Amino acid sequence: MKLDLLTLKLFVRILEEGTISQAAEREHIAAAAVSRRIADLEQSLNTTLLLRTNKGVSPTAAGLELLYRSRALLNSAQEIETRLQAFSQGLQGLVHILANTSAISQFLAEPLGEFGRQHPAIALQLEEQTSLDIIRALSEGKADLGVFTRLPYAADIQAYPFRSDKLVVLAPIHHPLARHEKVRFEQTLEHEQITLLSGTQLHYQITKTAMEANRSVRIRTEVSGYDAMCLLINAGMGIGILPRKSASIYQIPNTRMIELDETWSQREILIGVRRRDDLQPSAETLLSFLLDSST
């Protein structure tokens, strides 16, 4: 028996549901037929994939390996189907873009809008991720383009300068730091802060810098985006470190922007791809357009 997508889908569904009967019900296939497919699969691979008990099934070591690889293969098959459906709808391609919060809120709206007007036959799928997750996804071939903040280590992808941003401290207007024109990072550590979620590049940067000074960040609240950060700062819950343009976009009235006097406050935004030579034509068209727009 050769591997086929339906059998792999059933195998994944069995482990998700916990029993063959529940998987069969979800997929509208007779349980006996599902059981037969898995038995044939185990026989063809000459290995046991599932441990069967009265309570259900669990994967063997080989089954766990097949589970991970099957999910990746099924995702790839779905991606192929999605892209080809775009052609059936009269489009010339679909470009999957991953971008971090800074890139989306500050830099991508206008060029993507203009690209859409110039290339209406190319569909864009934009997804927000952290910089670290974007780099991982690109290296694994799970996206066409990524827009992210440069991280302090080399990544196995091709990256191109796109934009830069400057970090500032945003404080409530009556906060003790609000009277300063500029502050050092260590001054912010005396006060409670609103930060982005753990795992974002900015959260990593401020916690790492604090640790290097043998200090810690007094985190009051973690939020998923700059809009929530600005609103909480405006409500007086603490201060926050964020890009100047993001702070300006939301026009929060009862706050003041203060220059962050640190060399690392200037950040570079990059566009990355796994391998440019392997890009589909629509993705190459978008990459060239974005790079031209940055000059």
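Modeller: Let us begin with strand pairing: two strands pair if DSSP finds at least two bridges between them. Please keep in mind that this is a predicted model.

Colleague: How many bridges join strand S1 to strand S2?

Modeller: Four bridges join S1 (residues 50-53) to S2 (residues 56-59), and the two strands run antiparallel. They form a hairpin, with two residues between them. One of the pairings is that of Leu51, whose bridge partner in S2 is Ser58.

Colleague: Which residues of helix H9 are buried, and on which side of H9 do they lie?

Modeller: An α-helix has 3.6 residues a turn, so residues three or four places apart point the same way. In H9 (residues 226-234), the buried residues are Tyr226, Met229, Cys230 and Ile233. They cover an arc of only 95° around the axis, which puts them on the same side of H9. After H9 comes Gly236, with a positive phi near 85°.

Colleague: How much space lies in the largest pocket?

Modeller: Rolling a probe the size of a water molecule over the atoms shows where empty space is left. Here the largest pocket holds about 580 Å³. It is lined by 18 residues, and Glu79, Glu140, Gly141, Lys142 and Ala143 are the closest to its centre. Helix H4 (residues 61-88) gives the most to this lining, namely six residues.

Colleague: Into which classes do the lining residues of the largest pocket fall?

Modeller: The lining of the largest pocket has eight charged, five polar and five nonpolar residues. For the second largest pocket, the lining divides into three charged, ten polar and five nonpolar residues.

How values were computed. Residues are numbered from 1 along each chain as its sequence is written. This is a predicted model: local features need pLDDT of at least 70, side-chain atom pairs count only at pLDDT 80 or more; totals for chains, interfaces and linings use all residues. Side-chain values use heavy atoms; hydrogens and water are left out. Buried means under 20% relative accessible area, exposed over 50%, partly exposed in between (1.4 Å probe, protein chains only). The arc is that of the directions from the helix axis to the C-beta atoms. On a 1 Å grid over the protein atoms alone, a cavity is a set of points where a 1.4 Å probe fits but cannot get out, and a pocket is an open set with protein on both sides within 12 Å along at least five of seven lines; lining residues have an atom within 4 Å of a point. Grid points are joined across faces, edges and corners, and a volume is the space filled by probe spheres set on the points. Ala, Val, Leu, Ile, Met, Phe, Trp, Tyr, Cys and Pro count as nonpolar, Asp, Glu, Lys and Arg as charged, and the others, Gly among them, as polar.
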